[in-house]
Amino acid sequence: MERVRIVSLKGIRNRQSAMIRAGQMEAARVWTVCRDMHIAARQEHGQWPKRDALQKATKGRFSLHSQSVQMVTHAFLANVDTAQQLRTQSRTKIRYPYKDKTFYPLIWPAQAMHLRDKRIVLPMGRGHASLVVPRPDWLTEKAACRIVWNGVHNELHVTLSKPDTPPMDLSSLETTGRQATVDLGQIHQAAVATNTGEALVVSGRGLRSLKRQHSKQLGEMASKRARCTKGSRRWRKLSKTRATLTLRCERRVRDLRHKGTRQVVDFCKKRGIEALFVGNPDGIRRKNSGRHHNQRISQWEYGRDIDYLQQKSEQDRIVCFIGDERGTSSQCPVCGHRHKPKGRNWRCKVCGFEGHRDIVGAVNMHPIAYGQVVPFPKRITYLRPGSLRRSSSPDTGHRPDSSGRRCLAKARNQAPRDVCAGSLEHAHEPCDSARSLPALAG
Ligand SMILES: [Zn+2]
């Protein structure tokens, strides 16, 4: 399993920033060459360029480390593969890479980088000085690195690979027979129902309010920028503020999302759950529900929730699988009567059943996922993902005992503080578009 840790490169020198910038522009040129070859092949109905052809065409032409160039071509091919897969799933609006790129992240595989004392040395190609950045304490062996611009400053993404755990499937389960289902939502990030009569609801209101706040901030910025001349000093200042706010919002949302999904997996682990079914709410996306609700829906990143749940349950040896959840939240778990609920409570007009709306959805998933009807849980645990003001989660790299670690920017510019509100250094699972598509079970 891979885990990506992010190190801020906020405090690096101007000369190094310039090197990174030039390198990123060079990497973009590599991408453009690959794209041009691919487009030409498609137009001539010839064979699409493969790995060898792209590597041959880009070899020795760019002022980057040879392996960095290769990594760009690999990323390009992964991109083409993903587009091809999506198009075969009748999503014909997906296009093959066609845009001009000005910047592209700098990538080094583990074998290309070096560790020297307290520094990471990242080679920039023959005849060019290497990029040297401070090395965090936790980096003890060679690891793949990537320098990414996050809108405000550069970040170093270090990929740490852990020994792979053997894959699990439903047949390899021990036989406690404890199973759970998860209903993802916005007001409640996740509602879990087990077949042992217990339930968990994790609030998503914190997440939603962060996003609402960010939308309002963007609106404010847009109206201020509308009064400026495009490209003026004030306009540029406002653009920078906007990028800073966006970055902060992203960080806080990611932190809360990790904490919320961690609550779900911890709850399951404590109760000896062996299989977790996650309902995929894909159908809701395509419905038009008016501009206010559409904004809420489009900001709802349930794909991330599913990703994080899968990764965390794999760590804790729980089998996690995904399936369709259509119609589960509009059916009475007692008599099967269908109606669309209003408000947070599900009230049945036929049999008089009353219960938590999202738990109803989760309970109704049991027959779909496991072919087993479970009674409505008697005990419901309500939790919040965690405090926004305190960062202490094993998933975000902020353990309470992390006082020995410091971010690079702080190490250089400031005295260390105990609490780092806008976490500069955190870990998250890779979320590349080039990753393999989620397999839909059921
Ligand atoms: Zn009923």
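1. Buried residues account for 31% of the 442 residues in the protein chain, a figure that refers to a predicted model. The secondary structure of this chain comes to 9 helices and 16 strands. Among the contacts that join residues at least 6 apart in sequence, 71% are between residues at least 24 apart.

2. On the α1 side the contact is made by Val30, Val33, Cys34 and Met37, which meet Leu54, Ala57 and Thr58 of α2. Sorted by class, this contact has 6 nonpolar residues and 1 polar residue, with no charged residues.

3. Helix α2 also meets α3, and here the axes come within 10 Å and cross at roughly 140°. That angle makes α2 oblique to α3, since the oblique class ends where angles over 145 degrees begin to count as roughly antiparallel. The crossing of α2 and α3 is right-handed. The residues of α2 in this contact are Arg51, Leu54, Gln55 and Thr58, and those of α3 are Val69, Gln70, Thr73 and Leu77. By class, the contact of α2 with α3 divides into 3 nonpolar, 4 polar and 1 charged residues.

4. Two residues of α2 deserve a separate remark, because a contact is defined here by C-beta atoms within 7 Å. Leu54 and Thr58 are among the α2 residues that meet α1, and Leu54 and Thr58 are also among the α2 residues that meet α3.

5. Helix α3 (residues 66–88) has 23 residues, and the distance from its first C-alpha to its last is 33 Å, close to the 33 Å expected at 1.5 Å a residue. Its buried residues are Ser68, Val69, Gln70, Met71, Val72, Thr73, Ala75 and Phe76. The elements that cover these buried residues include α1, α2 and β2 (106–108). Val69, Gln70 and Thr73, which are among the buried residues of α3, are also among the α3 residues that meet α2.

6. Arg317 is located in the loop between α7 (302–315) and β12 (319–324). Arg317 counts as exposed because 10 other C-beta atoms lie within 10 Å, and the class of exposed residues takes in those with 12 or fewer.

7. The last point concerns Asp266, which has its place in helix α5 (residues 233–270). Is Asp266 buried or partly exposed? With 15 C-beta neighbours inside 10 Å, Asp266 counts as partly exposed. Asp266 and Asp316 lie 50 residues apart in sequence, while their C-alpha atoms are 8.6 Å apart in space.

Methods:
Residues numbered from 1 in each chain as written. Predicted model: local features only at pLDDT ≥ 70, side-chain atom pairs only at ≥ 80, totals over all residues. Helix = DSSP H or I, 4+ residues; strand = E, 2+ residues; numbered from the N terminus. Buried ≥ 20, exposed ≤ 12 C-beta atoms within 10 Å, placed from the backbone. Nonpolar A, V, L, I, M, F, W, Y, C, P; charged D, E, K, R; others polar. Expected span 1.5 Å × (residues − 1). Axes fitted to C-alpha atoms, helices over the stretch in contact; angles between N-to-C directions. Parallel < 35°, antiparallel > 145°, perpendicular 65-115°, else oblique. Left-handed = near helix turned anticlockwise from the far one by under 90°.
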